[in-house]
Amino acid sequence: MVSLTEKVVLKRYMTLPQPEDRVMCEYIWIDGTGEGIRSKCKTMDFEPKHAKECPVWNYDGSSTYQAEGSNSDMYLHPVALYNDPFRLGKNKLVLCEVYKYNNKPAESNNRKSCKEVCEKVKEDKPWFGIEQEYTLLDIDKYPFGWPKNGYPGPQGPYYCGVGSNKVYGRDIVEAHYRACLYAGIKIAGCNAEVMPGQWEFQVGPCEGISVGDELWVARYILNRVAEDFGVLVTFDPKPMPGDWNGAGAHTNYSTLKMREDGGIKHIEEAIDKLSKCHDKHIRAYDPKAGEDNKRRLTGLHETSTISDFSAGVANRGASIRIPRQVAQDGNGYLEDRRPSSNCDPYSVVEVILRTTCLGEI
């Protein structure tokens, strides 16, 4: 049984005037699964302009897989601030890091160590752009738009498709895009993907830690938009077994030296370092230390195999792809195609910088 509320009725209340000295701040954090997003709202008596102006808050970690009931207080430390595309006005979204009672980061708080690494390599000016793939599901958890007692036609006509027989859920995608722009997310684009009901949006280029902040908040916004449409979002890297594409979070990466003239030399040096740490990266590229990606990185459906490292120009079946334009120009960026769609971008950024900039091989 599905219970849906009437959005027209809600609109009546959302148009009520909000007092000038009251601002609603939605605190957002990552739960103990390393994938789930939680949030709750706090009223403030001023409009914060920076995250550091928002107070530390707490919540019950025993209900988010992060603490025992006998010692359940967890603490939310605001780190990034965005406009709220749902409540509008002066209201805000507040991304937070999670800390335990002893002031140590929660096990799912990968942002803290990522930020420390980003500080160490800031002179390299690392840029990241992440291609976030995801799949829309109906309330019965079957892909949105698929026939209920069967399957759609084979893959081929759906990627960047146009027409109601090729794409499903475009309203959700358009609403998400506009909401991200309003929030201040550096969203770079979107497109329908290879499997019907599968979509992608891109965030970046962002320098260092900010790509993780932007992507987590963009995921939050996507889930909230899908709520309004009565649809589910899954970031599972292989939501449908069989001859269907999985979902990744292809990560485009460069340093200042890579972007300058002759940067291809530094790209190739980075790839050489990455080739020596394949297993370490695979463990960092999904929240289950590679177990999720096993279902996706099979060597089929535009993926490399999980057990082997490979690289090539314009090769979407490789671990690392050098775009053909980059090879022709002699500078630019590389694309790491291994991260899963449900990866923690902080872990991805950290391990790439540790390997390529700090030389931790």
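Reader: How far is the sulfur of Cys190 from the closest cysteine sulfur, and in which residue is that sulfur?

Author: A disulfide needs two cysteine sulfur atoms within 2.5 Å. In this predicted model, the closest cysteine sulfur to that of Cys190 lies in Cys160, at 9.4 Å, which is too far for a bond.

Reader: How many disulfides does the structure hold?

Author: The count is 0. Cys206 is likewise in no disulfide, the nearest cysteine sulfur being that of Cys118, 11 Å away.

Reader: Where is His176 found, and is His176 buried or exposed?

Author: His176 belongs to helix 3, which spans residues 170–183. Its relative accessible area is 2%, so His176 is buried.

Reader: Which residues does His176 touch, leaving out those up to four places away in sequence?

Author: They are Ile187, Phe201, Ala218, Ile221, Leu222 and Val225. Among these, Ala218, Ile221, Leu222 and Val225 are in helix 4 and take part in its contact with helix 3.

Reader: At what angle do helix 3 and helix 4 pack, and how far apart are their axes?

Author: The angle is about 135°, and the axes are 9 Å apart. An angle over 145 degrees would count as roughly antiparallel, and one from 65 to 115 as roughly perpendicular. Helix 3 and helix 4 are therefore oblique to each other. Their crossing is right-handed.

Reader: Which residues of helix 3 meet helix 4?

Author: Asp171, Ile172, Ala175, His176, Ala179, Cys180 and Ala183 do, and on the helix 4 side the residues are Ala218, Ile221, Leu222, Val225 and Phe229. By class, the residues of this contact of helix 3 with helix 4 are 10 nonpolar, 1 polar and 1 charged.

Reader: How do helix 4 and helix 10 pack?

Author: Helix 4 (residues 210–229) and helix 10 (residues 345–356) pack at about 160°, with axes 8 Å apart. The cut-off for roughly antiparallel is over 145 degrees, and helix 4 and helix 10 are therefore roughly antiparallel. Helix 4 passes helix 10 in a right-handed crossing.

Reader: Which residues meet there?

Author: From helix 4 come Val211, Gly212, Asp213, Leu215, Trp216 and Arg219, and from helix 10 come Pro345, Tyr346 and Val349. The contact of helix 4 with helix 10 divides into 6 nonpolar, 1 polar and 2 charged residues.

Key. Residues numbered from 1 in each chain as written. Predicted model: local features only at pLDDT ≥ 70, side-chain atom pairs only at ≥ 80, totals over all residues. Heavy atoms only, no water. Axes fitted to C-alpha atoms, helices over the stretch in contact; angles between N-to-C directions. Helix = DSSP H or I, 4+ residues; strand = E, 2+ residues; numbered from the N terminus. Parallel < 35°, antiparallel > 145°, perpendicular 65-115°, else oblique. Left-handed = near helix turned anticlockwise from the far one by under 90°. Contact = heavy atoms within 4.5 Å. Nonpolar A, V, L, I, M, F, W, Y, C, P; charged D, E, K, R; others polar. Buried < 20%, exposed > 50% of the residue type's maximum accessible area, 1.4 Å probe, protein only.
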